[in-house]
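This report describes how the parts of a protein model are put together. The sequence and the structure are shown first.

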Amino acid sequence: MSMETMTSLQRVLTTLGHKEPDRVPFFLLLTMHGAKELNMTIREYFSKAENVAEGQIRMRKKYGHDCLYSFFYAPVEVEAWGGSVIYSEDGPPNSGEPIIGSFADIKTLRVPDIKQSPCLVKVLEATRIMKKMIKDEAPIIGVVMSPFSLPVMQMGFSQYFDLMFAEPILFERLMAVNEEFCVNWANAQLEAGATAICYFDPVSSSTITPRDLYLKTGYEVAKRTLARINGPTATHLASGNGLPVVADIANTGTAAVGVSCNEDLLAVKAACRSKTTVLGNLNGIEMRRWTPEQTENEVKSAIQQAAAGGGFILSDNHGEIPWQVPDDVLMAISQAVHKWGWYSKK
Amino acid sequence: MKGRVGMNNLLSQDFEKALLDMDQRAATKILTQACEAVEPIVFVEQVVMPALEKIGDDWDKGLIALSQVYMSGRICERLVDTILPPASPNRTSQPAMAIAALNDYHSLGKTIIYSSLRASGYELLDLGRVGVDELVRQTIEHKLRIVLISVLMLPSALHVKQVVERLKQQKCKAKIVVGGAPFRFDQQLWQEVGADATGANIADALKVIHRIMEEMA
């Protein structure tokens, strides 16, 4: 007999309100695995909105997790800015040559029109289909790249650091156009039916940017951007460490923060308690070769460290589970949550 | 005549601080003053290399950020190029060595290690972003003895296995050293793909290169 007394959406909203729901909500942030479900190549799968919507519905039915994920792949935004996407048979599509070849290109950058960008229209269509199918049963999580992190794909990491440190005026100009795009893109997804937006911001992590610099850059960008997004947001550091800035991130107005498996989850939870929900932090890379026993132990340990009092969603540490993670590990995660995640059992 | 006397700790600390503050001017001033008293190679060995190693180590411990590691490497590379030009006989004698980003378009890790090794007196080829076929071809063509491979994505890390197998098929004995995010998150992965060693930062890279050079000697 099922012990569930809440829908996925109720469960997630309860934990976001820092209260304990019936069980620990868990997000399997699966993208490419939908292609396996539909017996397609990754490229074919992402070519149609219907495929992604169907893949998400099937995967939630199979694993019983608490969200649908309307994220296609990270370079979908770069594609809208005029960049290319390189498909792979065994991994996420990657961004091709940077669209900003020299700093001078920043002066002429124009914010892409979402309605005129077929790649983005496809994501919106997938979101609409998912919303029609799932209604209010489970949240649909949309994704944007933060204006502060998008330049890694627009111009490459090294060139972006050079810009940040040597060209403050052009840096501000790039942030301004990126912020405009990010707000438009997030709000379009919310209008299409997304419940919340995952704001991917790895460059703001302490792994990449020191806190004093973050406070002058990524923090200000996030505060301005999140204030204009018409729905709840979760900031994801995509494997980057966040403990030194987690209180600052909470002050940007975000409802949750995705943290790394390299961090002490207990310490992260203590720093976030009542301020922001913790999302994480199973090791997505190592997960590929977890045994069922190890999977159960990892899930149990994360729940023991962070679930008390709500404000916790179990997830991977990166925001995208690698293609190489087998179905039986995903199933074992689900089984472990359904074994150890009940609040009433404690 | 300039000596090979040791640099004092204070100087090393000031140099490291200049790097972490990303203050090229301060770093240049320290180098200029020091090289009036000692040979450039002494400054590289006793100040630049330890500073870069400590910075890499501190990043590993979560004490500093990647942007600081990157900028420190770039500043040191520029500075060392002025005192030890690429063809200088004072640069470290070493086996043929190259670095590449396998498949990924993200090359920050490669750039950091490349700059830091050059700033430590090594010369190495930068093969840029290459696929498996191209990396195997260049390894054979340049008769490389050490190949450093940097990756960001898990699929790219798994493709190292193909590089290793293809090189073995061609009886190439180049040592393969891997680094990058997937190897940091899964510490068994380097062995799974058949690499000879892995490194999480510049200090590891230097240690691994020294060890391989000793084994080759």
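In this predicted model, Asp186(B) and Arg289(A) form a salt bridge whose closest N and O atoms are 2.3 Å apart; a salt bridge is a side-chain nitrogen of Lys or Arg within 4 Å of a carboxyl oxygen of Asp or Glu. Because the model is predicted, local features need pLDDT of at least 70 and side-chain atom pairs count only at pLDDT 80 or more, while totals for chains, interfaces and linings use all residues. Residues are numbered from 1 along each chain as its sequence is written, chains are lettered from A and ligands numbered from 1 in the order in which they are written, and side-chain values use heavy atoms, with hydrogens and water left out.

**Interface of chain B and chain A**

Across this interface the rule finds three salt bridges and twelve residue pairs in polar contact, both residues at pLDDT 80 or more. A polar contact is a pair of N or O atoms within 3.5 Å; within protein, one must be able to donate a hydrogen and the other to accept it, and residues adjacent in sequence count only if both atoms are side-chain atoms. On the side of chain B that touches chain A, H4(B) gives the most, with six residues. That side divides into 16 nonpolar, six polar and four charged residues, where Ala, Val, Leu, Ile, Met, Phe, Trp, Tyr, Cys and Pro count as nonpolar, Asp, Glu, Lys and Arg as charged, and the others, Gly among them, as polar.

**Interface within chain B**

Chain B is divided into domain 1 (9-83) and domain 2 (97-216), with bounds from an automatic or database domain assignment. The C-alpha centres of the two domains lie 24 Å apart. Between the domains the count is three salt bridges; Glu77(B) forms a salt bridge with Arg118(B), the closest N and O atoms being 3.1 Å apart.

**Contacts and buried area**

The table lists both interfaces; contact means heavy atoms within 4.5 Å, and buried area is the accessible area (1.4 Å probe) that two parts lose on being put together, summed over both.

| Interface | Residues in contact | Buried area | Share on carbon and sulfur atoms |
|---|---|---|---|
| Chain B with chain A | 26 residues of chain B, 32 residues of chain A | about 2,500 Å² | 61% |
| Domain 1 with domain 2 of chain B | 18 residues of domain 1, 16 residues of domain 2 | about 1,400 Å² | 65% |

In chain B, Tyr105(B), Leu154(B) and Phe185(B) lose the most area to chain A, together 28% of what that side buries.

Note on methods. Helices (H or I, at least four residues) and strands (E, at least two) are DSSP runs, numbered from the N terminus.
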